[in-house]
Amino acid sequence: TTAPAAAPNTAEGSGQGDGDEGGLSREERDRLLAEAQQALDDMIGLEPVKRQVLTMIAQLRMAALRKEQGLPSGARPRHFVFAGPPGTGKTTVARIIGKVLAGLGLLRSGHVVEAQRVDLVGQHLGSTAIKTSKVIDSALDGVLFIDEAYALSNSGYSGGDAFGDEALQVLLKRAEDDRDRLVVVLAGYREEMTGLLAANPGLVSRFNTRVDFPSYSAPELLLIARSVLADQGDEPDEAAAAALGAIFASAVDGGMADTLGNARFARELCQKAAAQRDLRLYAEHATGTTPTREEIVTVLAPDVTAAHQELMESHGDPAA
């Protein structure tokens with residue numbers, strides 16, 4: 001764990017000083033930095049991602065100190081490409097970066113606006129530019145997180161993808177024009193994001209910081225599941241923990257973890273297991289008896305098995 005650096009006395013690029021109107025106070029910025037560090041520390045796995053984010057924090061912090069002392073400083077907020085499968089913490093890391101940049105005074109608020117193709121593309125040429133601009137405006141002074149960004153460059157459309165191209169052109173221009181007030185994150189699967197950058201050379205020069213998010217291992221998914229259960233006041237017994245571990249091992253070994261959504265899969269499985277536990281207790285105590293406190297908070301192996309069956313059926317795999 002690295003202790004969070006205190007916020008600098010000056011703010012680069014945001015036009016805000018300590019406690020300026022519309023800006024954050026020194027105490028608020030210190031709090032955001034501490035929250036960002038804690039959120040990063042609390043993330044399970046993702047060690048390469050954590051190292052890269054910590055390096056960015058260190059660079060920006062030192063750049064702010066250099067500016068305070070009148071030294072040249074080249075480090076500024078930059079635009080990112082987050083590449084990796086679903087459920088690997090991309091949105092969470094975008095929120096952490098927003099807090100860091102606000103904590104260092106480089107963005108006024110650091111809020112995150114999430115968007116996809118449908119939020120940016122209009123129904124006719126011309127309307128896309130307006131729609132995209134409105135979304136960008138809402139993200140000013142914060143972070144614009146565009147998930148499945150490769151959907152903006154759909155080469156499968158007959159005659160090309162004029163709407164997606166229009167959105168990308170607006171995005172590129174605003175990413176440059178508003179670079180002091182906006183950080184854009186383009187996110188999606190690795191191969192598709194590589195293809196998006198290859199097909200749009202203009203993106204490469206502006207989105208030159210790539211963060212690759214690895215898939216979770218089975219032990220990491222089990223840690224995530226235990227954390228999810230603990231957060232909702234539950235815990236698995238030994239057999240249930242073994243059942244969860246076996247399910248995650250099967251998903252990872254079978255190459256299904258990315259399809260199922262990694263941490264999202266672990267979270268949904270735990271939520272459904274808790275629901276199955278409640279259903280079981282309701283049936284067992286239908287005569288009016290009251291379950292014990294331990295029964296109420298304990299998830300058993302049959303609850304996990306039933307939850308897994310339900311979840312796999314929802315993914316179109318009834319044989320699981």
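The model on screen is a predicted one. Colour the selection by residue class: this contact of helix 5 with helix 6 has 6 nonpolar, 3 polar and 3 charged residues.

Now show both helices whole, residues 127-139 for helix 5 and residues 162-177 for helix 6. Their axes lie 9 Å apart, and the packing angle is about 40°. Angles under 35 degrees would count as roughly parallel and those from 65 to 115 as roughly perpendicular, so helix 5 and helix 6 are oblique to each other. Look also at the handedness: the crossing in which helix 5 passes helix 6 is right-handed.

Next, go to Asp141, in the loop between helix 5 and strand 3, which covers 142-146. Check the backbone here: phi of Asp141 is near 75°, a positive value in a residue other than glycine. Is Asp141 buried or exposed? Its relative accessibility is 15%, and the cut-off for buried is under 20%, so Asp141 counts as buried.

The last stop is Asn262. Select helix 11 (257-260) and helix 12 (263-284), and find Asn262 in the loop between them. Asn262 is a residue other than glycine with a positive phi, near 50°.

How values were computed:
Residues are numbered from 1 along each chain as its sequence is written. This is a predicted model: local features need pLDDT of at least 70, side-chain atom pairs count only at pLDDT 80 or more; totals for chains, interfaces and linings use all residues. Side-chain values use heavy atoms; hydrogens and water are left out. Axes are lines fitted to C-alpha atoms, for helices over the stretch in contact, and angles run from 0 to 180 degrees between N-to-C directions. Helices (H or I, at least four residues) and strands (E, at least two) are DSSP runs, numbered from the N terminus. Angles under 35 degrees count as roughly parallel, over 145 as roughly antiparallel, 65 to 115 as roughly perpendicular and the rest as oblique. A crossing is left-handed if the near helix is turned anticlockwise from the far one by less than a right angle, and right-handed if clockwise. Ala, Val, Leu, Ile, Met, Phe, Trp, Tyr, Cys and Pro count as nonpolar, Asp, Glu, Lys and Arg as charged, and the others, Gly among them, as polar. Buried means under 20% relative accessible area, exposed over 50%, partly exposed in between (1.4 Å probe, protein chains only).
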